[in-house]
Amino acid sequence: MTYRKGLSWHFSHAITRQPADSVCNGLRADERGGDPSAEAFRREHAGYVRALEAAGLKVDVLPQLEEYPDSCFVEDPAFCLPDGAIVLRPGAESRKGETTHIRAGLEARFDRVVDLPGEGFVDGGDVLMMDDEIIIGLSARTNSEGAEAFSALLESWGYAARVVETPAGVLHFKTACSTLGDGVVLATRTLASSRFFDGRKVVEVPEGEETAANAIRVNDVVLVSEGFPKTVAAIEVAGFTTVVLPTYEAAKVDGGLSCLSLRFNLQS
Ligand code: CIR
């Protein structure tokens, strides 16, 4: 695929969803953080929406869905490109029905909305969009059948896709890395030492701050979770402007900054 400047960070719109009261029942790998408070989560979410708006985006906030505790993590059931939106098939049983609801939000913004072909699974959290390729990480949520079908669909739209193995113990591929745009990647040491990013500049997340690897570049700024000063410094040294946001409630259910929105560019 040809290099498309800004594909991974130049956005005009975002779709988000108000966290439900049931977010306290959200999926998580362990109980160490306790249950999130829906009220505190909605406060953090409002700050997140404001930050996206301040970065220049028109943000849709879809209504809360009580029957789906993880539905505020809208990144997982879909993937957006300037050409259209793809409704994915999340790998967690309790999240499968989110697709019908996200489709309605996508149809309000996109003329072209298609379903992931076949029966395989892909979570959007496993899909890293760069400016010259799209990396799909196999994980507990994304299987080969889904990744291959998704990759073929992307290729038919003119995008280069690569399927890789997410390292063991990492929920989603993007739990451990993010694109900062223009070929620069933010990654934990585990991912940085993988061969996935050969030939690219990698900003390594300092040890002990691994949670901060899930950051998002949005137009002129990089949004980073609060509490990770060494990562903020590393991103700034690499030449980016950061905006720090609290994501304590999302973190209790394994969520981060990228998971809370679908970001896309509808202006060419
Ligand atoms: C889940 O396990 O599906 C949610 N509790 C967290 C989803 C985080 N999404 C993401 O990293 N893209």
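In the predicted model, strand β13 (residues 221–225) and strand β14 (residues 241–245) run parallel and are joined by five bridges, two strands being taken as paired if DSSP finds at least two bridges between them. Helices (H or I, at least four residues) and strands (E, at least two) are DSSP runs, numbered from the N terminus. Ser-225 has Leu-245 of β14 as its bridge partner, and together with helix α5 (residues 229–237) the two strands β13 and β14 make a right-handed β-α-β unit; a crossover is called right-handed if, with the strands pointing away from the viewer, the path from the first strand over the helix to the second runs clockwise. A right-handed β-α-β unit is also made by β1, helix α1 (residues 38–54) and β2. Here five bridges join the parallel strands β1 (residues 13–17) and β2 (residues 58–62), with Ala-14 standing opposite Val-59 in β2.

Residues are numbered from 1 along each chain as its sequence is written, and side-chain values use heavy atoms, with hydrogens and water left out. Because the model is predicted, local features need pLDDT of at least 70 and side-chain atom pairs count only at pLDDT 80 or more, whereas totals for chains, interfaces and linings use all residues.

The ligand is surrounded by residues that include Asp-70, Glu-75, Arg-95, His-172 and Val-253, a residue being counted if one of its heavy atoms lies within 4 Å. This shell divides into four nonpolar, two polar and six charged residues, where Ala, Val, Leu, Ile, Met, Phe, Trp, Tyr, Cys and Pro count as nonpolar, Asp, Glu, Lys and Arg as charged, and the others, Gly among them, as polar. Among the polar contacts (pairs of N or O atoms within 3.5 Å), a polar side-chain atom of Arg-95 lies 2.8 Å from an oxygen atom of the ligand, while a polar backbone atom of Val-253 is 2.7 Å from a ligand nitrogen atom. Of the 350 Å² of accessible area that the ligand has on its own, the protein covers 99% (Shrake-Rupley method, 1.4 Å probe).

Technical notes: A polar contact is a pair of N or O atoms within 3.5 Å; within protein, one must be able to donate a hydrogen and the other to accept it, and residues adjacent in sequence count only if both atoms are side-chain atoms.
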